[in-house]
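I opened this model to look up two things.

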Amino acid sequence: MTRLKEDDVNQIATTMGAYNDALVRMTGSSLMQLAAQAAYKEIDYLSKRNPLVAVIPMTCGQGIIGGFVESVASIITYLGSNAVITKSSDAGGVAEAVQQGAEILFMADDDRFVAINLRSGKVSDNGDATGRGYVAGLERMCQGLKGKNVLLLGAGPVGSSAALALVSHGTRVTVYDINLSASQRLSSAMKKMGYNVDVETDLESSLAKHQIFFDACPAEDVIDLRYISKETMIAAPGIPLGVQGLGIEQLLPDRLLHDALQIGVATMLCDVL
Ligand code: 2YG
């Protein structure tokens, strides 16, 4: 599980407007529209919901990431919900949230980042939500994914969620993971659900054969620049970004979907609203 750094999140609260404009330019959808689609929820249903959302700092494990709960709360606030950060952390924070009448809780330790609706019992996991949210974005970038070939890099929680969302859009998915057994586990799980996901063992040859990449792995140089063409589309929830190099934005203007938290948190919120 990738652990964010303060640098990954400390600009989020002040750039939500610019972020959303770029998202609309790239996908034709706002953050709310993408997240609603990924959560299979209607926008007008969501806009009527206005529960109190509490974001709770967790000090366990490696502890607090500076700016993390502030960023999560700023994304939720930007989407129109009423978000507060509890003064206390951990169990005290949960008690404070419930006593304040919060209906939804967001909290993350080193292993799980979850949103919980206390009334409905619904739980949304960040990895699962991020996979679905990024597929919704990629689908809009590619003006549909049906029948298209996508190379999925990484068979972890985000990649596994993305694989299911991709095949349900009729996409032809090939998965590469540095750990072959992870790819095989994902492919056989998909087969049990009636879907075919090919396993690739050679990264370079699979990159050369694809133009649509879903980078759900933590490697920062997994996609070499020589495999970027003017048709390349990349959805990259993986942190750090898997394609490096100067002027990557120029190389892939509006064809590189990548953020540290926004799409995952927005989809979690829509999942539990
Ligand atoms: O409350 C805090 O400040 C900390 N306990 C948060 C720790 C979060 C650790 N998890 C991660 O950094 C990521 N798995 C979060 C999601 C990354 C999204 N791509």
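The entries below take the sheet and then the ligand.

Before starting, I noted that this is a predicted model, in which local features need pLDDT of at least 70, side-chain atom pairs count only at pLDDT 80 or more, and totals for chains, interfaces and linings use all residues. Residues are numbered from 1 along each chain as its sequence is written, and side-chain values use heavy atoms, with hydrogens and water left out.

Entry 1, sheet. I looked up the strand order and found an open sheet of 6 strands, E8-E7-E6-E9-E10-E11, with parallel pairing. Strands here are DSSP runs (E, at least two residues) numbered from the N terminus, and two of them pair if DSSP finds at least two bridges between them. At the edges I found strand E8 (197–199) and strand E11 (256–257), each pairing on one side only.

Ile212 has Met233 in E10 as its bridge partner.

Entry 3, ligand shell. I listed 14 residues around the ligand (a heavy atom within 4 Å), and the closest are Thr2, Leu4, Met58, Ile65 and Ala108. By class I got 9 nonpolar, 3 polar and 2 charged residues; Ala, Val, Leu, Ile, Met, Phe, Trp, Tyr, Cys and Pro count as nonpolar, Asp, Glu, Lys and Arg as charged, and the others, Gly among them, as polar.

I found a backbone N or O atom of Met58 at 2.8 Å from a ligand nitrogen. A polar backbone atom of Thr2 is 3.1 Å from a nitrogen atom of the ligand. For Ile65, a backbone N or O atom lies 3.0 Å from a ligand oxygen.

Technical notes:
Helix = DSSP H or I, 4+ residues; strand = E, 2+ residues; numbered from the N terminus. Polar contact = N/O pair within 3.5 Å; in protein donor to acceptor, adjacent residues only side chain to side chain.
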